[in-house]
Amino acid sequence: MLYFARWKVAAILGVILLGVLLTLPNLLPRSAIPSWVPARQIALGLDLRGGSYLLLEVDLNAVVRERLESLADGARTRLRQANIGYLNLQAQPAANRLTLRVREPGQVQAALAALRELANPVPVGGGATAPDVDLASEPDGTITATLSEAALRARASGAVEQSIEIVRRRIDETGVAEALIARQGASRILVQLPGVEDPNRIKDLLGRTARMTFRLLDENANMQAAVPPPGVEFLEGEQAGTRYPVRRRIEVDGANLSDARAGQDSRNGEWVVNFSFDSVGTRRFADITRQNVGRPFAIVLDNKVITAPVIREPITGGRGQISGNFTAAGANDLAVLLRAGALPAPLTVVEERTVGPELGADAIRAGLLSLAVGAVFVLGYMGLAYGLFGWFANLALVVNILLLMAALSALGATLTLPGIAGIVLTLGTAVDANILINERIREEVRAGRPPVSALEAGFTKASGTIMDSNLTNLIAMACLYVLGSGPVRGFAVTVAIGTIASMWSATVLVRLMVSAWYRSRRPKTLPV
Amino acid sequence: MFLSRPLFRIVPDNTQIAFMRGRVLGIAFSALLSVISLGLAFYPGLEKGIDFRGGIIMEIRTPGPADLGALRGTMSGLNLGDVGLQQFGDDSTVLLRLPVQGEEGSTQGAVNAVRGALEQVAPGARILRTEAVGNRVSAELFANSLIALGISMLAMLAYIWFRFEWQFAVGAIVTLVLETTKVVGFLAITRIEFSLTTVAAVLTIIGFSINDKVVVYDRMRENLRKYKTMPLRQLIDRSINETLNRTVGTSMTLLLSALPLALFGGDALSGFAWTMVFGIIASTSSSIFIAAPILLFLGENRLRRGTEAPAPASPGASGSATGR
C-alpha cells in the first residue's frame with residue numbers, strides 16, 4: 001500500500017505536469033499563444049463576460065400550415081386537370097390534414113391516384129423512404145390526406161436545421177464574433193452573443209422571416225369585394241392603408257437572389273436595395289417582364305407589398321432595385337436579410353438574458369473573492385485540525401483545483417458564475433476523502449496498530465466509503481446537468497469534475513506523499 | 001513543527017452520546033418542522049424567481065439619481081401589468097420587474113416598449129441586464145426542475161438499495177424528504193427566490209446529504225459484521241459516535257467554502273449559497289438524529305436476525321448481503 005513502483009510515481013507526476021500544461025494557456029492572452037500550439041482556454045460564460053443569450057422557437061405550426069396549403073394548391077390543380085369535381089376542400093392544420101369530398105363517388109379512386117402524386121418522399125430510417133401523406137377515403141366520397149408522423153418529424157427537423165443555418169448567416173452579417181448557435185430540443189435554437197450589450201438589432205433581424213416573392217397584380221380585381229377572386233389575395237402595402245390585389249402564383253422567389261446590397265439611388269438620393277438574380281432567377285424574371293410590359297408587379301416581403309411598380313421594359317440583365325422609403329439602416333437590414341435567405345418558419349424569442357460587461361466584471365470579482373476566502377478557510381481548517389496529514393491534503397487540494405481547471409480547459413468548457421461557485425464548493429467537498437482517511441488512520445492507531453499498518457488500513461478501509469459517498473454527488477450532478485439549463489449546467493460540470501479529480505488527488509496523491517514522508521522519516525508514532 | 005500535529009478536535013475521542021435515546025423526540029421534532037415548512041410553502045408561499053414564473057427583469061442605471069416616481073408613471077402607462085421598481089445598490093441603479101406577458105411573442109414587445117419609454121423618461125440611462133422569460137419556457141424550466149429533484153431522489157433510493165439493504169434506502173429517503181421540505185420552509189421564510197440556482201443548491205445538498213448517510217451506514221454495516229451480538233440500538237449509537245468527527249469535519253469544510261459565497265458572492269449567488277448553508281446544517285443534524293434512528297424502527301428485527309440464535313447458526317447476517 002505504501003510502496004509505489006517507480007513508473008507509478010512517474011505517472012502521478014506526469015498527470016500533474018499535464019494538468020499544469022493544460023492550465024497554463026489560461027494565464028496568457030489568446031494572442032500570445034502561437035497558432036501551432038494546440039492550446040485551449042476556458043471560455044467565460046455570458047454572465048461573466050457580458051453578452052446576450054437568446055432562445056428562439058421555430059413556429060412549427062407554420063411549417064405544417066404551409067405544407068397543407070401547398071398540398072391544397074396542388075390538389076386543386078390536379079383534380080381540375082383530371083376533371084374530378086370536388087367540394088369542401090379544406091386544410092385543417094390543427095389535425096395535420098386536408099379534407100375534401102369528391103362529387104361522384106365513382107371518381108374516388110381516380111382522385112386518390114391524383115393526390116398520391118402530390119406526396120413527397122420522407123426518410124423513415126434505414127435509408128428507406130415513405131410518402132409524407134396518408135390518404136384515406138370514405139364511401140360518401142370524403143377523402144382525408146393526413147401528414148404522417150414521420151413527415152411531421154422530418155419537416156420539423158428540416159425546418160429547425162434550415163433556420164439554424166439562416167440564423168447563422170444573418171448573425172455573421174452583423175459581425176458579432178464568436179457567436180454560438182445551437183439546436184436545443186425539438187423546436188428551439190439557442191443563440192449566444194458574447195459582448196453584445198444591446199441585442200435589439202439582432203432580435204429584429206431574427207424576428208423577420210424575410211420571404212421575398214415577385215408576383216403579378218390582378219388589375220381586374222374588385223378591391224371592394226369581401227373575398228378576393230380565386231388565385232388572388234389582398235395584401236397590405238408598406239404604407240398604412242394601402243392594399244393590393246396580388247396573384248398567389250409566385251413568379252420568382254427570393255431564393256433565386258444571388259446578391260443584395262444597400263445603396264443610394266443616383267437620381268434622388270433615396271436609399272434602395274440593389275439586387276441581382278442567379279441564372280434561374282434571371283431567366284424567369286426576363287420572361288415575366290417580357291410578357292408583361294406595361295403591367296404592374298409586386299415585390300412582396302413577408303406578406304406585405306414593399307413596392308408595386310409598373311414594368312416599363314423587359315429586364316434581362318438579372319438586376320433590379322427595390323425602393324420603398326427606406327432609411328439607411330432599413331435598406332441595410334433588408335439587404336442583409338435577402339443575402340442570408342428566408343427562414344422556413346417564423347422565429348419567436350422565448351427567453352432572453354442579456355448582461356452588460358460591468359455586471360460581468362462585478363460577478364468575476366465576487367467569484368474570485370469567494371474563492372480566495374473559501375480557500376483560506378478550508379486550507380486553514382484542514383491544517384489546524386489534521387496537522388501534517390491535513391497539510392498533505394491541502395497540497396492535494398491545490399492539485400485538485402489545478403486538475404479541475406485543466407479538465408475545463410481541455411474540454412473547452414464555459415465557466416459561468418455558478419461554475420465558480422462549483423469550484424468554491426469543490427474546496428469543501430474534496431477534502432472529505434482526506435477527512436475519512438485521517439479519521440480512519442486515527443482509529444486504527446487508537447486500536448493499537450503500529451504506524452505502517454495503521455496507514456495501510458486507513459487508506460484501504462476508507463477507499464470503499466470514499467467511492468460510495470462520492471458517487472452520490474455524481475448522481476445528483478448528472479440529474480442537474482440533464483435537466484438544468486444554461487449557467488446551472490456549468491455548476492454541475494465543475495462539481496462533477498471536481499469530485500472525480502478529488503477521488504484521485506485525495507487518495508492516490510496523498511498516499512504518495514504520506515509514503516514518501518514515512519519512508520524518509522520512519523516515525524514511531526503518527527501525528528494524528 | 002507545531003503545525004504538524006492536530007491543534008484541536010471538534011468531537012473529543014471516546015464520545016459516547018446515546019443518540020438513540022432521543023430518537024422519538026428527534027424524529028417527531030423534525031417531522032413537525034417539515035410539516036410547518038410545507039405549510040409555509042402554501043402560505044405565504046414560495047417566491048418564484050423569473051426562471052419559474054416568467055416575466056421581465058431589467059437592471060437600469062440612470063445618469064443621475066433615479067426618479068422612481070417618473071419611471072413608475074411612465075412604465076405604468078405602457079399597460080404591461082404591475083410594474084415593480086426598486087432601488088438596487090446605489091440610488092442611480094433601479095431594478096424593474098414586469099409580470100409575464102400573455103403570449104410568448106409579446107414578451108419581447110414589452111422589452112422593446114420599456115426600452116423606448118426609458119429613452120423618453122430618463123435619457124442616457126443604460127440597461128445593465130435584461131432577463132425576459134416567456135410563460136411556456138418558465139413552465140418547462142419549473143417542470144424540469146421538479147423532475148430533476150424527483151429523479152435524483154429515486155436515483156439515490158435505487159443506489160442505496162443496491163449498495164445496502166432496503167431499510168437503509170428507506171431511511172435515507174425519508175430523511176431526504178424531511179430535509180428537502182425544511183429547505184423549502186427556509187426559502188419561504190427568508191423570501192429567497194426559488195429559481196434554477198436554488199434548485200442546483202437543493203440538488204447539491206441532496207448529493208451531500210446522502211454522501212453523509214452513506215458514511216454512517218457504511219460504518220453500521222461494518223459494525224453489524226464485527227459485533228454480531230451487539231443489540232442494534234447500541235450498535236447504531238456506536239456507529240454514529242465513531243463517524244461523528246468525520247460527519248462534523250466534512251460539514252465544517254463545506255460550510256467554510258459555502259459561507260464566503262454567501263457573504264461575498266454577490267446577489268446572483270447569495271440565495272444559492274445561503275440555501276446551501278442551511279442545507280448543510282440540516283443534513284448534518286439529520287444524519288445524526290434522523291437517518292440512523294429510523295433504521296432502528298425499520299430494522300429492529302430484520303437487520304439483526306442473528307441476535308437470538310447462537311452465532312454459528314447464522315453465518316449470513318443479512319447486513320452483508322451486498323458487502324464486498
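A: One term before we start: two strands count as a pair if DSSP finds at least two bridges between them. Also keep in mind that what you're looking at is a predicted model.

In chain A, strand β5 (residues 121-125) and strand β6 (residues 128-131) pair in the antiparallel sense, with four bridges. Together β5(A) and β6(A) make a hairpin, with two residues between the strands. In that turn sits G126(A), whose phi is positive, at about 70 degrees.

Now for pairing that crosses from one chain to the other. Strand β20 (residues 347-355) of chain A is joined to β4(B) by five bridges, and the two run antiparallel. Look for E351(A) here: its bridge partner in β4(B) is V133(B).

Chain B brings 78 residues to it and chain A brings 74 residues. About 6,300 Å² of area is buried between the two chains, and carbon and sulfur atoms give 59% of it. Three residues of chain B deserve a click: Y159(B), T253(B) and F264(B) supply 9% of the area that chain B buries against chain A, more than any other three residues.

What about charges? Side chains of opposite charge can pair when their charged atoms come close. Between chain B and chain A there are twelve salt bridges. One of them links E358(A) with R126(B), and their closest N and O atoms are 2.6 Å apart. Counting polar contacts instead, you get 28 residue pairs between chain B and chain A, with both residues at pLDDT 80 or more.

Which elements of chain B do the touching? The largest share comes from α7(B), with 15 residues. Sorted by type, that side of chain B has 38 nonpolar, 20 polar and 20 charged residues.

Now zoom out to the domains. Chain B is divided into domain 1 (19-48 + 138-305) and domain 2 (55-133). The centres of these two domains of chain B, taken over C-alpha atoms, are 41 Å apart. Chain A is divided into domain 1 (6-45 + 359-521), domain 2 (60-151) and domain 3 (208-353). For domain 1 and domain 2 of chain A, 62 Å separate the centres, again taken over C-alpha atoms.

Over all chains, the structure holds 46 salt bridges. One of these joins the side chains of R76(A) and D73(A), at 2.8 Å from N to O. The two residues are three apart in helix α3 (residues 60-81) of chain A, so about one helical turn separates R76(A) from D73(A).

The last stop is backbone geometry. Most residues other than glycine have a negative phi, and most peptide bonds are trans. N96(A) is not a glycine, yet its phi is positive, near 55 degrees. You'll find N96(A) in the loop between β3 (86-92) and β4 (97-102) of chain A. In chain B, the peptide bond joining Y43(B) and P44(B) is cis, with omega about 5 degrees. P44(B) is part of helix α1 (residues 23-45) of chain B.

Definitions and conventions. Residues are numbered from 1 along each chain as its sequence is written. Chains are lettered from A and ligands numbered from 1 in the order in which they are written. Side-chain values use heavy atoms; hydrogens and water are left out. Contact means heavy atoms within 4.5 Å. Buried area is the accessible area (1.4 Å probe) that two parts lose on being put together, summed over both. A salt bridge is a side-chain nitrogen of Lys or Arg within 4 Å of a carboxyl oxygen of Asp or Glu. A polar contact is a pair of N or O atoms within 3.5 Å; within protein, one must be able to donate a hydrogen and the other to accept it, and residues adjacent in sequence count only if both atoms are side-chain atoms. Ala, Val, Leu, Ile, Met, Phe, Trp, Tyr, Cys and Pro count as nonpolar, Asp, Glu, Lys and Arg as charged, and the others, Gly among them, as polar. Domain bounds come from an automatic or database domain assignment.
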